Amino acid sequence: MTPKVVVVMPAYNAEKTVARTVADIPPGSADEIILVDDCSRDQTVAEAQKLGLKVIRHEENLGYGGNQKTCYRSALEAGADIVVMIHPDYQYDARLVPYLTGLLKDNICDVVLGNRIRTRREALEGGMPTYKYISNRFLTVIENFFMGQNLGEWHSGMRAYTRKVLETVPWERNSDDFVFDCEFLVQAAAFGFRLGDIPAPARYFEEASSINFSRSVRYGLESLKSIFLYYLHRTRLWRSPLFEPK
């Protein structure tokens, strides 16, 4: 049986970019596209409805992690076997969808990320701010070492998961903020899932979403905290609900 692929888009003020993002998804590579709008202040919902997407709108802003929680619940309810998460801000290349899902369909990986840092030159020429490049490299080295992985980057917003991953990882207990992404990967590694990545060109421009320097610092510290909590849990010094089975 052919796996059902559902693309989910956590959206906030993506009116100017959602159409371009959807247009790049190769025909036939997704069975359904679900956009979850987190109280955008522009016409994101109207644009998504014009494109024929299934649209879910939050009554109040739940944050980036809270948005993803709705995305994944909706995808599982829709019967997804594979879920691909793409930001609708056109920062990630949606043409990669069949490559992400292919590694899952062929049972090579359980989680696949789009890696924006194939080379330093490519990432910086793509517009990634220097401080973000340096912090990404620093955090990724630490995260790979302590979690026994070899990912090109841990902080990509383009990801694909099997249904089993989403049914096993207790992501509902994660933060509603940006650190949700890192917590999810730490959990996936802790539960023994196979993580991999493929190159994904970096795109930074005015309409692409990006957190500021102070939020980036907070995100970095919270990412390190998630690994610290995992080791406390692993050594049974302190039990964390993030790493308890559902």
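Author: Phe-184 is buried, because its relative accessible area is 0% (buried means under 20%, exposed over 50%, partly exposed in between, with a 1.4 Å probe and protein chains only). Phe-180 has a relative accessible area of 0%, so it is buried too. This is a predicted model, where local features need pLDDT of at least 70 and side-chain atom pairs need 80 or more, while totals for chains, interfaces and linings use all residues. Residues are numbered from 1 along each chain as its sequence is written, and side-chain values use heavy atoms, without hydrogens or water.

Both residues belong to helix H8, residues 180-190 (helices are DSSP runs of H or I, at least four residues, numbered from the N terminus). Phe-180 and Phe-184 are four residues apart there, so about one helical turn separates them. The two rings form a tilted aromatic pair. Rings of Phe, Tyr and Trp (its six-membered ring) pair if their centres lie within 6.5 Å; planes under 30 degrees apart are stacked, over 60 edge-to-face, the rest tilted.

Now widen the view. Ring pairs join Phe-180 and Phe-184 to Tyr-72, Tyr-161 and Trp-171 in a cluster. Across the whole structure, the search finds eleven aromatic pairs.

Another ring, Tyr-90, has charges over it. The charged end of Arg-20 sits 4.7 Å from the centre of the Tyr-90 ring. Arg-203 lies over the face of Tyr-90, at 4.0 Å from the ring centre. Such a charge is NZ of Lys or CZ of Arg, within 6 Å of the ring centre and within 35 degrees of the ring normal.

Technical notes
Helix = DSSP H or I, 4+ residues; strand = E, 2+ residues; numbered from the N terminus.
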